[in-house]
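Me: Could you walk me through this structure, one piece at a time?
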Amino acid sequence: MTGRRVLFLGIIVSILLTYAIWVGGSIPASITKLPDQGLNWYYWKLPQPTFWSRATAWGMYLGHQFSIWGCIWWAQRSQLKYKSALHPINYLMLAINGAFIALHFLQTYIWYDALAQDTSIWASQGAVVLLLVFVLILETPRRGLFFGNSVPFHQQFLQIIKLYHGYFFSFAAIYTFWYHPMEATLGHLIGFLYMFLLLLQSSLIFNRTHVNRWWTFTLEITVLLHSVIVSFMLGQTKWPTFLFGFLGILVLTQLHGLPVNILTKRTIYGAFLVSVMTVYGLTERGLGRIYEVTYIPLIEFGLVGVIYLIFLLILWTISRLPVKR
């Protein structure tokens, strides 16, 4: 089968799996939770975890994680080439991800608890943020960082990111997937749909669909929908920060990797500016807080700079080490 056909079928299956979580949502929803304790608190976990709730969550996560890492290692070691048809490793990764998705369903409905019981809520969110940051770096040779302008990154830096990004991307997706129980709140449903799509993407390594610019753009921009919905769901008023923050990255960077003409780009620039002024002018946020739209771009581009500086520091340190003769 071609990667394009598998991608289409995979998107349909991802939607059906999300629907299945919604259908079975009354089971996890019936679990008694502790009262919400604020920003650093993750609400959807057992008040009194058991040995089996922890053992199944961590055991299945580690099995899922190391299975996919093993597949990535094997694919790179075999020096596979990009092609339209699927490699055998793609079928294996699809099967592994499918099996562990099914296990997560069972684990939620029998033991409920996930990795959230033992790890910080910021770890899950941070993993996804770093995934998006690594995508920005990975795509710089093709679209730059600011309005299509090239970035003079060290070639060795880009080679390292390209070689190892799959390991980190799979960690971010699989860890986040096992962080949450399969609750049927709107935020969870959108989040799991996003995770299903990321797992599908990871299964298509060394297939041309894996680097299709419209597909990868869709994966990048989906986080906007999730963040805005979660903000609404939690009764927060800062949804414009997420909406226009991620749209700002679209305008500055992501748009310039797509095959669109200059007129389309200028139209999007204008629509973005008008929307920002209108929303902040008409909501309780007010024009005095319009600076909030810079938060997410500053965080993501700032992390790009920090990661690159760490690389340069390591490179400089290595260059200062004495050479053995």
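**A working chat**

Reply: Phe105 is found in helix H4, residues 88-110, where helices are DSSP runs of H or I with at least four residues, numbered from the N terminus. This is a predicted model, in which local features need pLDDT of at least 70 and side-chain atom pairs count only at pLDDT 80 or more, while totals for chains, interfaces and linings use all residues. Residues are numbered from 1 along each chain as its sequence is written, and side-chain values use heavy atoms, leaving out hydrogens and water.

Me: Is Phe105 buried or exposed?

Reply: Phe105 is buried, because its relative accessible area is 13% and buried means under 20%, exposed over 50% and partly exposed in between (1.4 Å probe, protein chains only).

Me: And what is Phe105 in contact with, leaving aside its neighbours within four places in sequence?

Reply: Phe105 is in contact with Leu17, Ala20, Ile21 and Met182, contact being heavy atoms within 4.5 Å. The C-alpha atoms of Phe105 and Met182 are separated by 6.8 Å, although the two residues are 77 residues apart along the chain.

Me: New topic: which residues are buried in H5?

Reply: Among them are Ile121, Ser124, Ala127, Val128 and Leu131. The buried residues of H5 pack against several helices, including H7 (155-179) and H12 (295-320).

Me: What caps the N-terminal end of H5?

Reply: Ser120 does, with a side-chain oxygen 3.0 Å from the backbone nitrogen of Trp122.

Definitions and conventions
Helices (H or I, at least four residues) and strands (E, at least two) are DSSP runs, numbered from the N terminus. A polar contact is a pair of N or O atoms within 3.5 Å; within protein, one must be able to donate a hydrogen and the other to accept it, and residues adjacent in sequence count only if both atoms are side-chain atoms.
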